[in-house]
Every structure is written in structure tokens, then in C-alpha cells.
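Please look over the sequence and the model below before turning to the notes.

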Amino acid sequence: MAYVVTQDCIKCKYTDCVEVCPVDCFYEGEDFLVINPDECIDCGVCEPECPADAIIADNNPLFTKRLLDINDKMSQIWPVIVEQIDPLPDADAWNPQKGYKEDKTHLLDKFDKE
Ligand code: SF4
Ligand code: SF4
């Protein structure tokens, strides 16, 4: 089992997930958070906390190896985040759970290149 943050976090970054993670394995980029898959203990407590529904396990149909690779790679580059911070200013406007309707997958492209 592995948990990853999906593209639906991008431009939202509510960070409710950070507050509940028992092993502090979230890492923070400018507009996206990721999980370090080696540190994650697969407890699953973060999954229901995300207001954007952007945390999934590897048995979810939306899980991809690309997401796992991006979470793994960026978590080794970005700093750890251990406390909740304010969401990005337009978080609700970008939140698929609050009506944002576009597919956000293309927003992952920049992380393939980093
Ligand atoms: S709670 Fe969800 S949207 Fe917020 S930072 Fe965590 S994964 Fe991203
Ligand atoms: S599944 Fe548990 S250990 Fe893994 S990121 Fe979520 S809260 Fe942290």
C-alpha cells in the first residue's frame, strides 16, 4: 500500500493533511504537497481530511506510477512541512470538491521536468 497526493492538491494546498500525519512525511512545494512514500506508514488518516479529496491509496483507480514517482522525487527535494498553514488564496476556486471542473492532470507536467 502507498498513499500519494494527486494533482487535485495543486493550487489549493489546504494542508489539513499535515496536521494529522503521525510521521511528518508531507513535503511542501510552491503550490503542491507530496508524500514521501518511504516514510509514509500507510495509516490512511490523512485521506479523509483533505478538502480537495487529493490523497489516494494505490488501490484507487486514479492512482498512477507517475503520481508515485512525482511524490517520491519531489519529497526528496522540497522541505518537510509539519504544521498547517493558510491555504493558497484561490484554493476554493481550484478545488474540484467545490465546483472546479477542469482536469488538473496537465499541472503535473512541470514536476516531471524538475
Ligand atoms: S489537505 Fe489536500 S489539498 Fe491540502 S495540502 Fe493536503 S493534499 Fe493538498
Ligand atoms: S497515510 Fe498516514 S503516514 Fe502516510 S501520509 Fe497519510 S497520515 Fe502520513
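A residue is called buried if 20 or more other C-beta atoms lie within 10 Å of its own, exposed if 12 or fewer do, and partly exposed in between. Tyr-100 has 17 C-beta neighbours inside 10 Å and therefore counts as partly exposed. The model is predicted, and the points below are grouped by topic.

**Overall form**

- The protein contains 3 helices and 4 strands. From the N terminus on, these elements follow the order β-α-β-β-β-α-α.
- The radius of gyration is 13 Å, close to the 13 Å that the globule rule gives for 114 residues, so the protein is as compact as a globular protein of that length.
- The C-alpha trace spans about 30 × 25 × 25 Å along its principal axes.
- Of the 114 residues in the protein, 34% are buried.
- Among contacts with a separation of 6 or more, 78% are between residues 24 or more positions apart.

**The two ligands**

- Ligand 1 is surrounded by 13 residues, and the closest are Cys-9, Tyr-14, Cys-17, Cys-50 and Ala-52. By class, this shell consists of 10 nonpolar, 1 polar and 2 charged residues.
- Ligand 2 is likewise surrounded by 13 residues, of which the closest are Tyr-3, Cys-21, Cys-40, Cys-43 and Cys-46. The shell around ligand 2 has 11 nonpolar, 1 polar and 1 charged residues.

- Helix 2 covers residues 65-75, and its buried residues are Leu-67, Ile-70, Asn-71, Met-74 and Ser-75. These residues lie on the same side of helix 2, because they cover an arc of only 115 degrees around the axis.
- An α-helix has 3.6 residues a turn, so residues three or four places apart point the same way.
- The buried residues of helix 2 pack against strand 1, strand 2, strand 3 (33-35) and helix 3 (109-113).

**Two residues with positive phi**

- Lys-13 is not a glycine, yet it has a positive phi of about 55 degrees. Lys-13 is located in the loop between strand 1 (3-5) and helix 1 (16-20).
- Lys-13 has 24 other C-beta atoms within 10 Å and is therefore buried.
- Asp-24, also a residue other than glycine, has a positive phi near 50 degrees. The loop that holds Asp-24 runs between helix 1 and strand 2 (26-28).
- Asp-24 has 13 other C-beta atoms within 10 Å, so Asp-24 is partly exposed.

**The loop between helix 2 and helix 3**

- Leu-88 is placed in the loop between helix 2 and helix 3. Leu-88 counts as partly exposed because it has 18 C-beta neighbours inside 10 Å.
- Not counting residues up to four places away in sequence, Leu-88 touches Lys-11, Cys-12, Lys-13 and Asp-31.
- Leu-88 and Tyr-14 are 74 residues apart along the chain, while their C-alpha atoms are separated by 7.1 Å.
- Tyr-100 is also found in the loop between helix 2 and helix 3. Leaving aside its neighbours within four places in sequence, Tyr-100 is in contact with Ala-93, Trp-94 and Asn-95.
- The C-alpha atoms of Tyr-100 and Lys-13 are separated by 15 Å, and these two residues are 87 residues apart along the chain.

Methods
Residues are numbered from 1 along each chain as its sequence is written. Chains are lettered from A and ligands numbered from 1 in the order in which they are written. This is a predicted model: local features need pLDDT of at least 70, side-chain atom pairs count only at pLDDT 80 or more; totals for chains, interfaces and linings use all residues. A residue is near a molecule or strand if its C-beta atom, placed from the backbone, lies within 6 Å of it. Ala, Val, Leu, Ile, Met, Phe, Trp, Tyr, Cys and Pro count as nonpolar, Asp, Glu, Lys and Arg as charged, and the others, Gly among them, as polar. The arc is that of the directions from the helix axis to the C-beta atoms. Two residues are in contact if their C-beta atoms, placed from the backbone, lie within 7 Å. The radius of gyration is taken over C-alpha atoms; the globule rule is 2.2 Å times the number of residues to the power 0.38.
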